[in-house]
Amino acid sequence: MENAESVESGFCSGCRSRSTEKTPGNISTTNGIGRKFYGNADRCSSCGSVVRTLWFTFIEMPVIPLGSYRYRAVRINGRKMPKFWARKTNTRWDQILMTWAVGIIVAAVVITAMYLYEQSKGK
Ligand SMILES: [Zn+2]
């Protein structure tokens with residue numbers, strides 16, 4: 001479980017001006033089904049935030065893109081907390097297509113492996 005923190009803090013003014021105050025709220029997955037962030041683009045040199053895309057996931061696979069966000073993990077004394085700051089930004093289709101491509105390749109490998117396993121059992 002990750003909790004969305006205040007949208008006002010956590011980002012530099014440049015990142016704030018390129019995003020809106022919409023947060024994804026609390027995100028979580030149950031048995032691989034739920035919402036999850038993927039991707040890591042456009043790291044900001046002043047506040048360290050990155051652009052990530054929120055996905056609806058099914059069995060740990062990203063299925064439906066829900067939008068891109070400026071994302072920054074909350075750290076206390078250098079330790080990553082299960083909290084983050086996020087503000088909605090322009091949808092990053094390049095990131096979405098990349099995540100989708102990786103997801104499809106992983107799914108294809110898993111399905112092929114399962115198929116081969118079933119075949120080998122039959123012999
Ligand atoms: Zn920034």
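A: Let's begin with pLDDT, the predictor's confidence in each residue, from 0 to 100. Strands are DSSP runs of E, at least two residues long, numbered from the N terminus (helices are runs of H or I, at least four). In this chain, confidence is highest in β5, at a mean of 95, and lowest in strand β1 (residues 3–4), at 57. The chain has a mean pLDDT of 88, with 92% of its residues at 70 or more. This is a predicted model, in which local features need pLDDT of at least 70 and side-chain atom pairs count only at pLDDT 80 or more, while totals for chains, interfaces and linings use all residues. Residues are numbered from 1 along each chain as its sequence is written.

So let's look at β5. Two strands pair if DSSP finds at least two bridges between them. Strand β5 (residues 50–58) pairs with β4 (residues 33–41) in the antiparallel sense, over 6 bridges, and Trp-55 is the bridge partner of Lys-36. β5 also pairs with β6 (residues 61–76), again antiparallel, over 9 bridges; here Thr-53 stands opposite Ser-68. The hairpin of β5 and β6 has 2 residues between the strands, and Ile-59 takes a positive phi near 50° there.

Leu-54 and Trp-55 belong to the largest nonpolar core, which has 10 residues, including Phe-37 and Tyr-69. β5, β6 and β7 (79–89) each supply at least two of its residues, with β7 giving the most, 3. Such a core is a set of buried Ala, Val, Leu, Ile, Met, Phe, Trp, Tyr and Cys residues joined through C-beta atoms within 7 Å; buried means 20 or more other C-beta atoms within 10 Å, exposed 12 or fewer, partly exposed in between, with C-beta atoms placed from the backbone.
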